[in-house]
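Hi everyone, thanks for coming.

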Amino acid sequence: MGASAAVAAPALPAAVKAHVADMRASCKDAGGRPGRSPELVQIADVTGDGRADYVINEGAFDCVGAESYFSGGSGGSSVSVYVSDTTGSAKQAFTHGVFGVHMERSGQTARVWLGVGGPLCGQKQFRSRAEAEDCWRPLQWKGGKLDFAPVSQKRPYSAFATP
C-alpha cells in the first residue's frame, strides 16, 4: 500500500489501518491475494484544518485472483474518507459507492471529486442505469460534516480522466 501526500505523511491512524486490514482479510477470504495498491490510500488535508486526512478508494485495491471483489461491478466501488483529529486519531466521516475518485490538489489541501450518477448528478428521471447521467461531484466539509457539495458544483464526467 502506498500513499500520495500533499501534507506530511504521518503513520496511518489505527482506524485507517483497520479498514485496510479488513480489506486484505476479505480479499483472502474471497480466494485472492492482496497485491500492491499504491493508490488505495491517498493522504491530503480535505477539511482545511491543516491535518492529514485519508481517502480510501477500494476500487484501487489489487486483490489478485479475485479482481472483481472490490470493483463493485456496474455499481462502482466504495470510497471512505477518514478525518484526523487533534490527537492524531482519525474517524470515518464519509463512505459511498462511486465510479471513480479524483483528488484536486492545491498546496497542502485537496478537494475530493467522486464519480457518481443519476440522482446524485441531479437527474430526476431515467429508466435504467444505461440512461443515468454520470458526473463528478465534490465533497465539502461544512459544520463538522463531510458530504456531497451542492449539485450545482458538479462537473461532467469527461472533466477528469477516468480511473
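**The disulfides**

Let's begin with cysteine 27, which is joined to cysteine 63 by a disulfide, S to S 2.0 Å; a disulfide here is a pair of cysteine sulfur atoms within 2.5 Å. Before I go on: this is a predicted model, where local features need pLDDT of at least 70, side-chain atom pairs count only at pLDDT 80 or more, and totals for chains, interfaces and linings use all residues. Residues are numbered from 1 along each chain as its sequence is written, and side-chain values use heavy atoms, with hydrogens and water left out.

By the disulfide rule, the count is two. Back to the pair of cysteine 27 and cysteine 63: the torsion about its S-S bond is about 100°, so this disulfide is right-handed.

Are cysteine 27 and cysteine 63 buried or exposed? Both are buried, meaning under 20% relative accessible area, where exposed is over 50% and partly exposed is in between (1.4 Å probe, protein chains only).

Now for the other pair: cysteine 121 and cysteine 135 are joined by a disulfide, S to S 2.1 Å. Here the torsion about the S-S bond is about -100°, so the disulfide is left-handed. Cysteine 121 is buried, at 1% relative accessible area, and cysteine 135 is buried too, at 0%.

Finally, with the bonded cysteines of the protein numbered in sequence order, the pairing reads 1-2, 3-4.
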